[in-house]
Every structure is written in structure tokens, then in C-alpha cells.
Amino acid sequence: MRLGLQHTYSALPSRFYARVAPTPAKDPRLVVFNSRLTEELDLDPTVLELEGAAWFSGNQTPEDADPIAMAYAGHQFGNFVPQLGDGRAILLGERVGRDGVRRDIQLKGSGRTPFSRNGDGRAALGPMLREYLISEAMHALGVPTTRSLAVVTTAEQVVREDLLPGAVLTRVAASHIRVGTFEYFAARNDGDAVSQLLDYVITRHYPEARGADVPALAVLEAVAQRQAALIADWMSVGFIHGVMNTDNVAISGETIDYGPCAFMDHYDVNTVFSSIDHGGRYAYGNQPAIAQWNLARFAETLLPLIDADNGKAIELATAVVREFMPVFDARLLTRMRRKIGLATEQEGDVELVRTLLATMQSAGADFTLTFRRLARCVEEPGDDASLLELFAPSAGIADWLRGWRERLASEPQSAAEGRANMRRVNPAFIPRNHRVEAALEAASTHGNFGPFHQLLKILEHPYDDEPGCVEFEQPPAPGERVLRTFCGT
């Protein structure tokens, strides 16, 4: 079978990757298949699903595949590791979809590679289902993200804290080039490789940078813009990545590597779910500053290409990195204005948003429900009761509502238009942690994929009301709360 795969990345010098074939898996079974994404890739879903168990497990690689494991380094929780690389992932090749966009197709959990170190190269079913579910939910929410094409179970057991059922995920991405990819070569003083990688990134992701006075600086600026937009998207839906290491920062601007990620229930800027983030480095409220820190690490790899005078290169790169936070703040404010129904800009909007968030934090109000129910309060008489029940009586939300309505009065849109616009940006459904864990537990422990597919179907239309699925909108009861999520490696 041929998939029309192309191989621009593996055309780079051999030190950029290691050629390695997937390790065959025992008794693979296709349990999740994304037919819509298959069509976007301009492939036949009927044929692909028929051959899915063998192909998505790596047991049968396409005739036109050129399997490689990519080399990269990374700062992990602030500490530099000079060699990481694809320890359990193998890139089969690239496919140009119906929209003309080139995308990587990669198997994750497909066996050991030269970058595996002491790892087994395999993946457990739960984390692969989590990545499939969360990445497709993020796509439906409108957040730039890698996508998931399929999950295949294997008859093998994966050793983690316990013996777990094995699986392979097929991931689709604009590319798998990371900040850590640049760091890998910069740490080796391999200036030629950094230059070649930059040229490749310009061709694939930022062609407009080629005509700039300083292409490397133009790429840095473009990556900074995309990261600012991405983190603003995360924050606006209450998403916490959990492991924002530089090897998990995609140059394309997509969300990548869904390990201990989660969505907030009650609003708290200090929220941390990752079991390995003991100091809260990647807490919800720290994500913008960490993105800027990661951007600085990227800038350091590009200094020789920005200017031959190192001092001048640092000055130019620093100016770009410093501009990240104002750009992020502006992008987040734009999203928050939309979330509270504002189509125009006024000077007091920042304080209006800050006061609402502070009130939510003080009351422990649910992030997603607050904004969804706020839309009901636009039209008079508004349904204030459903919103007020999320807040303690003394939380000050009633005072905020009065100020908000005064601000809404200056908007040119009608109340009906405002409500409709708010519902388009404030989801009813997110991947609530307790729902996700219940679905993964049913699949992993009992082989029951029904809850997973039910949740996936709901999350594919997060902004639509589903009268029969009201329970999926609700935050967890105290005994259902999931306070820790795990990486899966």
C-alpha cells in the first residue's frame, strides 16, 4: 500500500535523525479511527480503516514510507538535556492534504529507537487515548494542535508503575520540529545544521521570512507571534499543558505532546495537575512567562544567524523576546473581551476582566460554566440565578454584573447578537478530568470503549447545546475530582 508520502525532512543530512523501522506489535486491533481527518489528508477512509490494524501498529509500513526518529534536545523543567529525540515515535513521512498543507504522519509507541535510552519505546493505552481525545477536543475548540488519526491496541503489556495494555497512536502534525531541535545542534556548535534547519523551517512554515533583511530574526518574530496566540488560546479555555519543556514547543505554533495536560474546573491561576510538576513551574498562570522563557532559549540558538556581532544579535533577539508579553496580553484581552460579549474596545475593559477573574478565584467558581452561563445574562431579563449559584453570596459577582451591563449598553450589537457571539467562544463542553479518567479507565481496565466514544462525540461539538448530555457540562462532585494527571512515560 502506498499513501503518497513525501520526505522533505529525511532529505536533510543524516545527523538530523536516525533511520529505524517500527517494531511489530502482537495482535494489533484498531479501536479508534478518525475518518474525517483521513479525508482532510485526501486519503480513502474505507481503504485505510480496512488496513488500519496492520498499518497503524507499524506491522505493515506503507511502501513509500521512509521511517525515521528525529533528533532533538530540550530544557526539561529548566535543566538542559543535550540529547532526547524520538524515543518511542517514528515519522513515516509527510502527506499534502486537500488544503495543500504538508503534514507529518507519525507513529507513537511503535518501539525502540536509537534515542530511547532506557525506555521500552512502547506506549500504554490510557495515555494514547488521552492524547487522541484531548487533541481532537482542542481542534474542535479552535486551538492550533497536532491531530490524532488512530489508536491501535496491542496484545502486549507495557511496564510502568503497573502492567498496562499497550497501544500505538498515529499522530498528524504540521511538523514535529521543536525548539529542542534547534537546541540539539546549537549545543554541538553545529552552525551549519542550525542554518539548514532554519532554511527548512522557512520553506515549510514561514516562507515570508525569506525576503526579510534578517530571516532568522523574522522567524523568531513569527514564532513569537504564534506562541503568543497559542498560549492566549490555552488560557481562554482553561487549558494547562503540564510539561512546557522546550522539546514540547513546536516551531509551527501547534499544541504538541499531550502528557499530564488538563482543563481547569474551578478557576485558580495556581492550578497544577501534573504529578511531576512539584514546584508549579507549569501552573496555569505561569504559562505565558514560561512561553517567553522558552522563546528566549530558541533565540539563543539563532544568535549567529541574526548578526555576526554577538552583542548586536543579543540586542535584536532580546527586543523580540521582550515584546512577547505585550503581544500575549493583547491577544488574551481580545479573547476575553469576546468571552464577556464585547465587540468594541474601551480603556476599562482590562479592569473589568481582571475583576471578574479575581471574583471567580475568590469564589472558586467553575471557569467554563461561568462564561457559558454569563451569556444567559445578556438579554433582559437575564438568567442571573444560574450564574449566581456558582458564586458565594459575598463574592461580589452582583456588583460586577451591574458594571458589565453598563459596559454592554455601549455596544452596537443587540442583546441577541451578543448572546449568540458569546456562545460561539464559550464552550459548553470541555474534556473534564473526571470524565476523561472514567473513559480511559473503562477502556484500559475493562476493554469498554463505549464511554470513550460517547465523550469524543460530545467534544467534537463543544459549542453546541446537547439536551441529553447536560451531565457532561457539570464540574466533578467532591468525590470525583481528579487532582493529578500523569505523563505516561
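Predicted model: local features only at pLDDT ≥ 70, side-chain atom pairs only at ≥ 80, totals over all residues.
Student: How many helices and strands are in the chain?
Tutor: The chain has 16 helices and 12 strands, counted as DSSP runs (H or I of at least four residues for helices, E of at least two for strands) and numbered from the N terminus.

Student: And how much of the chain is buried?
Tutor: Of its 489 residues, 58% count as buried, meaning under 20% relative accessible area with a 1.4 Å probe and protein chains only.

Student: Switching topic, how many cavities are there?
Tutor: The count is 3 cavities of 30 Å³ or more, a cavity being a set of points on a 1 Å grid over the protein atoms alone where a 1.4 Å probe fits but cannot get out. The largest cavity holds about 130 Å³ of space, a volume being the space filled by probe spheres set on the points, which are joined across faces, edges and corners.

Student: Which residues lie nearest the centre of the largest one?
Tutor: Gln227, Trp234, Asn248, Val249 and Ala250 do, out of 18 lining residues, where lining means having an atom within 4 Å of a point.

Student: Which helix gives the largest share of that lining?
Tutor: Helix 7 does, with 5 residues; helix 7 (215-237) and helix 8 (287-306) each supply at least two.

Technical notes
Residues numbered from 1 in each chain as written. Heavy atoms only, no water. 1 Å grid on protein atoms, 1.4 Å probe; cavity = no way out; pocket = protein on both sides within 12 Å on 5 of 7 lines; lining within 4 Å. Buried < 20%, exposed > 50% of the residue type's maximum accessible area, 1.4 Å probe, protein only.
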